[in-house]
Amino acid sequence: MNTFGKNIRLSIFGESHGDCVGITIDGLPSGIAINQTKIKEMLKIRQGLKDISTPRDEDNDYQIISGYFENHTTGAPLTFLIKNHKADSSQYKDAGLIRPSHADYPLYQKYKGQNDYRGGGHASGRLTAALVIVGAICDQLLEEENIFVFSHINSIKSVKDTSIDIQNLSIEKIKVLKSCMFPTFDERGKTLMIEQINKAKKNNDAVGGTIETFAIGVPIGLGEPFFDSLESLLAHAIFSIPGVKSLEFGDGIAMCNQVASKIVDQMAYNNGQITFLSNHQGGINGGISNGNYLNFRVGVRAPSSISTPLSSIDLKKHETVIVQTIGKHDPTIVHRVLPVVNAMTSFILLDLSLIHISEPTRRVVIS
């Protein structure tokens with residue numbers, strides 16, 4: 001299924017090399033004046049830094065074809081179309097020729113060879129442009145409620161960014177971070193990361209890394225104890241992004257090697273306000289947001305489209321073949337996945353917050 005969400009329903013459509021990609025958003029309240037400048041900014045950020053991103057430089061011009069009238073949402077399904085202008089299909093001549101570690105093989109088998117195999121078809125990261133549009137709209141509404149979602153590039157290969165004191169990060173700094181195409185807390189770390197990416201690119205290879213995401217101002221009570229836990233819903237959304245291979249909340253795997261006394265988030269009253277003394281759990285207890293800031297890390301693999309000769313198969317000829325993936329590809333996708341992670345996080349928070357919006361929200365102070 002290509003539909004997702006509870007109070008707001010997303011339906012995504014299109015293929016990488018088709019005429020367009022797009023999304024229908026059903027369930028948004030009427031009367032929203034969409035900030036289209038913000039949408040265009042987020043689409044531009046998703047394109048990534050030119051030197052370390054795909055040469056496929058799409059304009060990302062879009063149309064709103066339903067659900068928007070006289071500069072406001074109508075309450076009807078809101079549909080965006082994003083045209084594909086720069087696709088080069090010349091390298092995709094045979095559905096039976098499988099690119100290793102891509103979705104080509106399972107897609108061919110699942111759809112009996114009838115799928116659009118050019119550039120990954122419907123499984124392509126190209127469709128995340130539509131998700132970024134959703135994220136821009138959700139951010140606009142969340143920020144009106146003083147809820148802010150943001151991320152930094154935590155690592156590229158073995159190079160790590162510095163940690164940050166979230167309590168001293170101002171809203172202005174958060175907005176600057178969200179406007180960056182390669183957001184890090186440490187400029188030296190950023191330089192070393194880009195060196196790793198360029199080294200891989202020079203060697204006809206690619207690299208992966210990790211993204212760390214935060215959300216501040218999240219109201220207490222989002223999520224349910226079991227199947228619709230906040231972690232479950234975020235994981236569902238985050239793992240829908242092509243290239244994502246891991247997700248850990250709070251201290252994640254490191255917590256599993258610690259005694260309880262080292263990972264319990266102690267609490268106290270400070271001038272009559274409830275405070276957390278740490279955030280090892282990532283802002284979630286029992287599947288429910290606890291009023292602390294949300295924190296998780298996403299692992300993004302190295303993209304599989306590299307020009308190094310690799311062993312694969314030709315399904316039509318039933319032969320082993322050597323494949324070179326030639327085309328417009330990325331030496332890393334970490335910085336391009338980051339705004340999509342932000343978008344899907346914002347979507348989940350807004351989707352769950354609709355029952356809370358316009359009501360007084362209970363938050364706690366982070367000590």
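Is tyrosine 293 buried or exposed? Tyrosine 293 is buried, with a relative accessible area of 14%; the cut-off for buried is under 20%. The model is a predicted one. The points below start from the aromatic pairs, then turn to the strands, the nonpolar cores and the helices.

**Aromatic pairs**

- A search of the whole structure turns up five aromatic pairs.
- One of them joins phenylalanine 4 and phenylalanine 347: the ring centres are 6.0 Å apart and the planes stand at 50 degrees, so this pair is tilted.
- Phenylalanine 4 belongs to strand S1 (residues 3-4) and phenylalanine 347 to helix H8 (residues 334-353), so the pair ties together parts that are 343 residues apart in sequence.
- Phenylalanine 4 and phenylalanine 347 are both buried.
- Phenylalanine 214 and tyrosine 293 have ring centres 6.1 Å apart and planes at 50 degrees, so this pair is tilted.
- Phenylalanine 214 sits in strand S10 (residues 209-216), while tyrosine 293 sits in the loop between strand S15 (288-289) and strand S16 (294-300), so the pair ties together parts that are 79 residues apart in sequence.
- Phenylalanine 214 has a relative accessible area of 4% and is buried.
- Phe214 and Tyr293 form one aromatic cluster together with Phe150.

**Strand S10 and its partners**

- Seven of the eight residues of S10 are buried, and the strand is mostly covered.
- S10 pairs with strand S8 (residues 148-156) in the antiparallel sense, over eight bridges.
- In this region, glutamate 212 of S10 has histidine 152 opposite it.
- S10 also pairs with S16 in the antiparallel sense, over seven bridges.
- Opposite phenylalanine 214 stands asparagine 295 in S16.

**The five-stranded open sheet**

- Five strands make up an open sheet with antiparallel pairing, in the order S1-S2-S3-S7-S4.
- S1 and strand S4 (62-66) are the edge strands, each pairing on one side only.
- Strand S3 (residues 20-26) and strand S7 (residues 78-83) are joined by six bridges in the antiparallel sense.
- Isoleucine 25 has leucine 78 in S7 as its bridge partner.
- Threonine 79 is a residue of strand S7, and with 8% relative accessibility it counts as buried.
- A polar contact of 3.0 Å links the side chain of threonine 79 to the side chain of serine 66.
- Beyond its neighbours within four places in sequence, threonine 79 is in contact with Phe13, Ile23, Thr24, Gln63, Ile64, Ile65 and Ser66.

**Nonpolar cores**

- In soluble globular proteins, nonpolar side chains tend to be buried together.
- The largest nonpolar core here has 72 residues, of which Ile25, Phe80 and Leu349 touch the most other members.
- Not counting residues up to four places away in sequence, phenylalanine 80 touches residues including Phe13, Val21, Ile25, Ile34, Ile39, Ile133 and Ile137.
- A second, separate core has nine residues, among them Ile166, Leu169, Leu177 and Tyr293.

**Helices**

- Which residues of helix H4 (residues 171-178) are buried? They are Ile174, Leu177 and Lys178.
- Seen down the axis of H4, these buried residues fall within an arc of 95 degrees, so they line one face of the helix.
- Glu172, Lys173 and Val176 are exposed, on the face of H4 turned away from its buried side.
- The buried residues of H4 pack against helix H1 (36-47), helix H3 (128-144), S8, S10 and H8.
- Helix H6 (residues 230-238) has Leu230, Leu233, Leu234, Ala235, Ala237 and Ile238 buried.
- The buried residues of H6 pack against S1, strand S11 (244-249), strand S14 (284-285), S15, S16 and H8.
- Threonine 191 has its place in helix H5 (residues 187-202) and is partly exposed, with a relative accessible area of 44%.
- From C-alpha to C-alpha, threonine 191 and valine 159 are 9.9 Å apart in space, and they are 32 residues apart in sequence.

Note on methods:
Residues are numbered from 1 along each chain as its sequence is written. This is a predicted model: local features need pLDDT of at least 70, side-chain atom pairs count only at pLDDT 80 or more; totals for chains, interfaces and linings use all residues. Side-chain values use heavy atoms; hydrogens and water are left out. Rings of Phe, Tyr and Trp (its six-membered ring) pair if their centres lie within 6.5 Å; planes under 30 degrees apart count as stacked, over 60 as edge-to-face and the rest as tilted. Helices (H or I, at least four residues) and strands (E, at least two) are DSSP runs, numbered from the N terminus. Buried means under 20% relative accessible area, exposed over 50%, partly exposed in between (1.4 Å probe, protein chains only). Two strands pair if DSSP finds at least two bridges between them. A polar contact is a pair of N or O atoms within 3.5 Å; within protein, one must be able to donate a hydrogen and the other to accept it, and residues adjacent in sequence count only if both atoms are side-chain atoms. Contact means heavy atoms within 4.5 Å. A nonpolar core is a set of buried Ala, Val, Leu, Ile, Met, Phe, Trp, Tyr and Cys residues joined through side-chain atoms within 4.5 Å. The arc is that of the directions from the helix axis to the C-beta atoms.
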